[in-house]
Amino acid sequence: MCSRSAVWRELPEADREGLYRSSAESLPVGRVGEPADVAEAYLYLMRGGYSTGSVVVVDGGGTLV
């Protein structure tokens with residue numbers, strides 16, 4: 001899975017956009033992840049005072065397909 005982050009900055013823009021597009025087409029959510037998606041999951045776990053030892057997968061449903 002890929003996300004729109006600095007990890008892919010070395011790829012030429014056309015290749016990077018192609019990677020995002022093909023990844024998005026293979027995911028149930030229909031888009032690639034953003035750094036904010038991971039931040040939301042982190043905040044969810046930090047706010048949940050009753051959650052302990054949880055693993056949250058943030059992959060746009062990639063593990064389902």
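Student: How many salt bridges does the structure hold?
Tutor: This is a predicted model, where local features need pLDDT of at least 70, side-chain atom pairs count only at pLDDT 80 or more, and totals for chains, interfaces and linings use all residues. Residues are numbered from 1 along each chain as its sequence is written, and side-chain values use heavy atoms, with hydrogens and water left out. A salt bridge needs a side-chain nitrogen of Lys or Arg within 4 Å of a carboxyl oxygen of Asp or Glu. The salt bridges in the structure number four.

Student: Which residue meets E17 in a salt bridge?
Tutor: Side chains of opposite charge can pair when their charged atoms come close. Here the N to O distance is 3.6 Å. The partner is R4.

Student: Which helix holds V38?
Tutor: The protein has two helices and zero strands (DSSP runs of E, at least two residues). V38 falls within residues 35-47. That is helix α2.

Student: What is the radius of gyration of the protein?
Tutor: The radius is taken over C-alpha atoms, and the globule rule is 2.2 Å times the number of residues to the power 0.38. A compact globule of 65 residues would come near 11 Å. The C-alpha atoms fill a box of roughly 45 × 25 × 15 Å along the principal axes. The protein has 14 Å.

Definitions and conventions: Helices (H or I, at least four residues) and strands (E, at least two) are DSSP runs, numbered from the N terminus.
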